[in-house]
Amino acid sequence: MKLLLTLLASLLLNSLPTHAQRTPNLTGIAFEQKQGARMPSKSVFIDADGRDIGIGELFNHAPLVVVLGYFHCEKLCAVARLALLRAAQKAGLSAGADYLFVAVSIDPAEKADAARKAREIDFAAAAPHGTVGGFYYLTGKSEDIRALAESVGYRYRDGADPETFIHPIGAVVATPSGAVSGYLSAIGSSPAEMSEAIRAAAAENATTRASPALLLCFDFDSTTGRYTFAILKFLRLGAVVMTLALAAILYREFRKGARA
């Protein structure tokens with residue numbers, strides 16, 4: 001019986017796709033939730049129209065929804081931005097009046113043209129409500145990007161391929177004064193969650209923390225819309241469950257035969 005179970009487990013696990021079994025190095029990747037921390041007001045970025053924008057210039061208007069990623073990413077970055085914009089739209093929120101949408105590239109090689117293209121794609125796909133002054137797509141120098149990322153607990157690093165990054169997926173909600181109020185999971189955040197987070201930030205209050213489950217952007221397969229690494233884990237779990245189920249059936253039949 002033990003030999004049979006071993007063979008079953010081996011067969012099921014070895015049948016999984018080998019190309020998906022490369023476990024990426026996730027050392028140092030995290031989204032530490034620093035509620036109450038202040039964003040660096042002196043960090044300067046360039047917007048999609050080529051203008052210099054200091055983060056401090058965005059304070060004292062409305063709560064900020066800040067999403068970090070990079071604009072030429074073919075994985076989850078664009079999905080996260082669209083999810084946030086659509087959640088805000090469904091919640092009846094208007095950028096510029098109710099909140100400011102701030103997308104920041106973590107790639108210092110990206111320039112205003114990349115930000116402009118990302119903005120055009122997002123606007124065409126999501127058609128978000130708001131004024132021109134309610135949306136900011138920003139690129140910047142490495143030191144300014146790092147300062148902003150560190151202030152909100154966003155840890156990332158270079159990916160295995162050139163011009164790629166391994167980074168968390170999520171958004172920071174900040175008060176009008178630039179203090180971190182809360183976090184959103186971005187993908188999966190409901191309109192109600194978005195509305196609640198923005199209302200709390202507007203009142204300078206802290207919101208509840210986002211789910212501790214960390215969604216990463218590194219091996220998302222854009223052709224299938226799935227995580228290959230995540231699929232592997234679920235397949236392995238399914239293989240174990242199937243093996244145990246088969247073992248139970250065989251054991252029951254074995255006991256029946258023994259009693260006969």
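The questions and answers that follow concern a predicted model.

Q: Is the packing of α2 and α3 parallel, perpendicular or oblique?
A: Helix α2 spans residues 77-90 and helix α3 spans residues 112-126. Their axes lie 10 Å apart and form an angle of about 45 degrees. Angles under 35 degrees count as roughly parallel and those from 65 to 115 as roughly perpendicular, so the arrangement of α2 relative to α3 is oblique.

Q: What is the handedness of the crossing of α2 and α3?
A: The two helices pack with their axes 10 Å apart. Their crossing is right-handed.

Q: How many residues of the contact of α2 with α3 are charged?
A: From α2, the contact involves Arg81, Leu82, Leu85, Arg86 and Gln89. These meet Ala118, Asp122, Ala125 and Ala126 of α3. The residues of this contact comprise five nonpolar, one polar and, as charged residues, three.

Q: Which elements give two or more residues to the lining of the largest cavity?
A: The model has one cavity of 30 Å³ or more, and the largest cavity has a volume of about 60 Å³. Its lining includes Val67, Leu68, Cys77, Ala80, Ala103 and Val104. Elements contributing two or more lining residues are β4 (64-69), α2 and β5 (100-105).

Q: How many residues of the lining of the largest cavity are nonpolar?
A: Among the lining residues are Gly69, Tyr70, Phe71, Arg81 and Ile169. The lining divides into one charged residue, one polar residue and, as nonpolar residues, nine.

Note on methods: Residues numbered from 1 in each chain as written. Predicted model: local features only at pLDDT ≥ 70, side-chain atom pairs only at ≥ 80, totals over all residues. Heavy atoms only, no water. Axes fitted to C-alpha atoms, helices over the stretch in contact; angles between N-to-C directions. Helix = DSSP H or I, 4+ residues; strand = E, 2+ residues; numbered from the N terminus. Parallel < 35°, antiparallel > 145°, perpendicular 65-115°, else oblique. Left-handed = near helix turned anticlockwise from the far one by under 90°. Contact = heavy atoms within 4.5 Å. Nonpolar A, V, L, I, M, F, W, Y, C, P; charged D, E, K, R; others polar. 1 Å grid on protein atoms, 1.4 Å probe; cavity = no way out; pocket = protein on both sides within 12 Å on 5 of 7 lines; lining within 4 Å. Points joined across faces, edges and corners; volume = space filled by probe spheres on them.
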